[in-house]
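Welcome, and take a moment to look over the sequence and the fold shown here. The tour below goes from strands to cores to aromatic rings.

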Amino acid sequence: MSERSRAAIAAVDWGTTRFRVWLLDAEGRVLDERRSDEGLLTAQHKGFAAVLDRQLADMGAAKDLPAIVCGMAGARQGWVEAPYVEVPSSLADILGAAVPVPGIGRDVRIVPGLAQRSPGAPDVMRGEETQLAGVAGVIGSGAHLVCMPGTHSKWVVAEGGAVAGFGTWPTGEMFSVLSQHSILRHSIGDKPAPVAPDSAVFRDWCRQALSDGDIGARLFGIRAAGLLSGLGQADASAALSGLLIGAEVASAVRRFGRRDAPVVLVASGPLGLLYEEALRLDGIAVKIADADEAVLAGLVAAARRNGMLPQGAAQ
């Protein structure tokens with residue numbers, strides 16, 4: 001029997017622009033993995049079922065292999081809307097509210113996102129709730145602050161296995177807009193240079209934002225520094241990144257407060273390193289969880305919660 005023929009379920013992380021799928025055995029272990037650019041924006045035109053069926057067929061999976069899905073496939077403009085679960089809510093209840101997709105040849109269920117209906121801080125998330133479930137063991141039963149960096153970074157208050165509240169900072173989107181569509185594009189260039197966490201420029205400009213979180217008067221300073229003191233394109237990119245990430249951390253700390261427990265940083269790759277450095281510059285202890293591992297672990301937990309995998313199987 002081949003590895004792929006032992007697949008018990010497919011786990012799918014369906015983002016706006018990216019698609020990831022894993023074949024898992026009955027114990028939740030990975031047999032195969034694929035990634036593509038067939039996210040929501042592509043699947044809206046090709047058809048969600050068509051994309052999933054072709055990807056699984058190319059992996060040698062059975063035509064009726066069930067799938068557990070998180071992310072934008074459950075958005076209003078996605079495959080089937082998985083209505084938001086309102087916070088506060090337990091992670092178990094969130095995963096258990098997965099919505100089945102009707103009228104197809106396999107059992108597909110989509111994990112819902114979260115809604116915070118507070119008049120003063122309305123917010124939504126979709127996909128990150130599965131990462132939260134994946135780091136439940138790291139969060140434990142106490143109260144923790146969780147940071148999940150990205151285009152729209154999420155900060156989550158987790159208490160006793162439940163999501164008590166959260167906030168979104170569109171830091172990645174702001175970097176993109178400012179670096180490509182503002183006067184700073186002349187300072188940064190057509191393609192922003194990668195930023196290293198040990199960059200002195202990143203650290204210096206991050207400290208400025210951490211001091212008070214006010215970057216409005218500092219943004220133009222990047223342009224001025226290029227004109228007056230020869231700040232190069234790579235350093236301009238580092239400066240903008242430092243300002244925006246530092247401001248996000250400062251703002252989140254003001255909203256949620258400092259805590260005795262380390263901030264749980266759910267991240268992968270270079271972006272996670274930048275956030276780790278920013279948090280430590282602000283004197284905040286950090287506990288790191290890999291974002292890719294977290295979403296997969298969350299999907300496995302969702303499959304078990306919905307009876308698609310046996311409970312209590314080994315990791």
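In which sense do strand β1 and β2 pair, and over how many bridges? Strand β1 (residues 9–14) and β2 pair in the antiparallel sense, over six bridges. Before going on, please note that this is a predicted model, in which local features need pLDDT of at least 70 and side-chain atom pairs count only at pLDDT 80 or more, while totals for chains, interfaces and linings use all residues. Residues are numbered from 1 along each chain as its sequence is written, and side-chain values use heavy atoms, leaving out hydrogens and water.

**Around strand β2**

Strands here are DSSP runs of E with at least two residues, and helices are runs of H or I with at least four, numbered from the N terminus. Two strands pair if DSSP finds at least two bridges between them. β2 also pairs with strand β3 (residues 30–36), again in the antiparallel sense over six bridges. V21 of β2 stands opposite V12, and V21 also stands opposite R34 in β3. Four residues separate β1 and β2 in their hairpin. The hairpin of β2 and β3 has five residues between the strands, and G28 in that turn has a positive phi of about 85°.

Six of the six residues of β2 (residues 19–24) are buried, so the strand is largely enclosed by the rest of the structure. Buried means under 20% relative accessible area, with exposed over 50% and partly exposed in between (1.4 Å probe, protein chains only). F19, V21 and L23 cover one side, with R20, W22 and L24 on the other.

**The cores and the open sheet**

A nonpolar core is a set of buried Ala, Val, Leu, Ile, Met, Phe, Trp, Tyr and Cys residues joined through side-chain atoms within 4.5 Å. The largest one has 42 residues, of which W155, I222, L240, V249 and L279 touch the most other members. Its largest share, 12 residues, comes from α10. A second, separate core of 28 residues includes A7, V12, F19 and M59.

Six strands form an open sheet of mixed pairing, in the order β6-β13-β12-β11-β14-β15. β6 (89–90) and β15 (286–290) stand at the edges with a single partner strand each, so one side of each is left without a neighbour in the sheet. Within the sheet, β11 and β14 run parallel and are joined by two bridges; C147 has L265 in β14 as its bridge partner.

**Aromatic pairs**

Rings of Phe, Tyr and Trp (its six-membered ring) pair if their centres lie within 6.5 Å; planes under 30 degrees apart count as stacked, over 60 as edge-to-face and the rest as tilted. By this rule there are six aromatic pairs, including these two.

| Pair | Type | Centre to centre | Between the planes |
|---|---|---|---|
| F48 and W79 | stacked | 6.0 Å | 10° |
| W155 and W169 | edge-to-face | 6.4 Å | 70° |

F48 lies in helix α2 (residues 48–58) and W79 in the loop between β4 (67–71) and β5 (85–86), so their pair ties together parts that are 31 residues apart in sequence. Both F48 and W79 are buried. W155 and W169 are both buried too. W155 lies in strand β12 and W169 in strand β13, so this pair ties together parts that are 14 residues apart in sequence. Finally, W14, F19, F48 and W79 form one aromatic cluster.
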